[in-house]
Amino acid sequence: MKRGIRYDFSLLALLLIPVGVSLNVVGYQLSTILKLPVFMDQIGTIMVSMIAGPWIGLLAGLLGNVVNGMINPIAIGFSVVSMSVGFVSGYLSKWRFYTNLYGIIISCVILTIVAAFPAAIVTVFLFGGVTGAGTDLLTATFLATGKELWNSVVSTNLISGSINTIINFGISWLIVRRIPDRFLIKLNYGEPYIKKGGHVNG
């Protein structure tokens with residue numbers, strides 16, 4: 001059966017978007033206030049994309065960055081990163097990559113690349129390589145070793161991006177596993193996460 005944009009936008013999926021955006025905002029604020037070298041602003045995007053599909057994930061990622069941008073305008077520049085992560089994560093879930101260990105490992109590598117290169121492009125061309133985040137320290141370290149700006153930013157995003165992906169995906173996966181089966185069965189992409197032998201009625 002062909003599953004397009006309209007298939008993803010069910011009522012339950014739409015109701016999940018505010019939840020995903022809220023998780024993204026909380027994670028982003030924690031990372032910003034504490035000046036952490038990693039970002040936890042993709043938890044909601046990945047969580048929503050896993051059970052509601054790629055287009056809902058893309059929208060949750062966009063809205064999360066727009067809301068964060070009201071506090072820190074820099075976040076709006078990275079909307080394309082969140083949208084890409086949500087969209088690709090949704091397809092990985094649709095193709096059941098998240099149902100086994102090998103698929104999860106491959107997915108984390110893919111999501112790291114999907115996030116790192118657009119983030120590097122935005123960082124260099126929109127902000128000149130400096131965003132005021134904790135990851136700037138890592139970029140400065142690479143620059144001090146003689147690397148060029150582009151290489152330094154890409155290296156920073158690949159290193160921090162891999163950690164970001166593991167943290168964001170890990171928390172998202174744990175949240176999804178805690179969602180009752182009777183709710184998962186009602187979502188278009190929730191079936192792979194229903195526990196074997198679980199009751200879905202009531």
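User: Which residues do ring pairs link into a cluster?
Analyst: This is a predicted model. In it, ring pairs join Trp-55, Phe-87, Tyr-91 and Trp-95 into a cluster.

User: How many aromatic pairs are there in the whole structure?
Analyst: A search finds 8 aromatic pairs. One of them is Phe-78 with Phe-127, which is stacked. Their centres are 5.7 Å apart, with 15 degrees between the planes.

User: Where do Phe-78 and Phe-127 sit in the chain?
Analyst: Phe-78 is in the loop between α5 and α6, and Phe-127 is in helix α7. They are 49 residues apart, so the pair links distant parts of the chain. Phe-78 counts as buried, because its relative accessibility is 17%. Phe-127 counts as partly exposed at 24%.

User: And Phe-87 with Tyr-91, stacked or edge-to-face?
Analyst: Edge-to-face, at 5.1 Å centre to centre and 70 degrees between the planes. These two are 4 residues apart in helix α6, so about one helical turn separates Phe-87 and Tyr-91.

User: New topic. Which residues touch the most other members of the largest nonpolar core?
Analyst: Val-48, Met-50, Ile-51, Tyr-98, Phe-169 and Tyr-193 do, in a core of 31 residues. Helices α2, α3, α4, α6, α7 and α9 each supply at least two residues of this core.

User: What does Phe-169 touch?
Analyst: Leaving out residues up to four places away in sequence, Phe-169 touches Ile-46, Met-50, Tyr-98, Ile-104 and Cys-108.

User: Last one. Which helix holds Phe-117?
Analyst: Phe-117 lies in helix α7. It counts as partly exposed, at 35% relative accessibility. Setting aside neighbours within four places in sequence, Phe-117 contacts Val-154 and Leu-158.

Terms used. Residues are numbered from 1 along each chain as its sequence is written. This is a predicted model: local features need pLDDT of at least 70, side-chain atom pairs count only at pLDDT 80 or more; totals for chains, interfaces and linings use all residues. Side-chain values use heavy atoms; hydrogens and water are left out. Buried means under 20% relative accessible area, exposed over 50%, partly exposed in between (1.4 Å probe, protein chains only). Contact means heavy atoms within 4.5 Å. A nonpolar core is a set of buried Ala, Val, Leu, Ile, Met, Phe, Trp, Tyr and Cys residues joined through side-chain atoms within 4.5 Å. Rings of Phe, Tyr and Trp (its six-membered ring) pair if their centres lie within 6.5 Å; planes under 30 degrees apart count as stacked, over 60 as edge-to-face and the rest as tilted.
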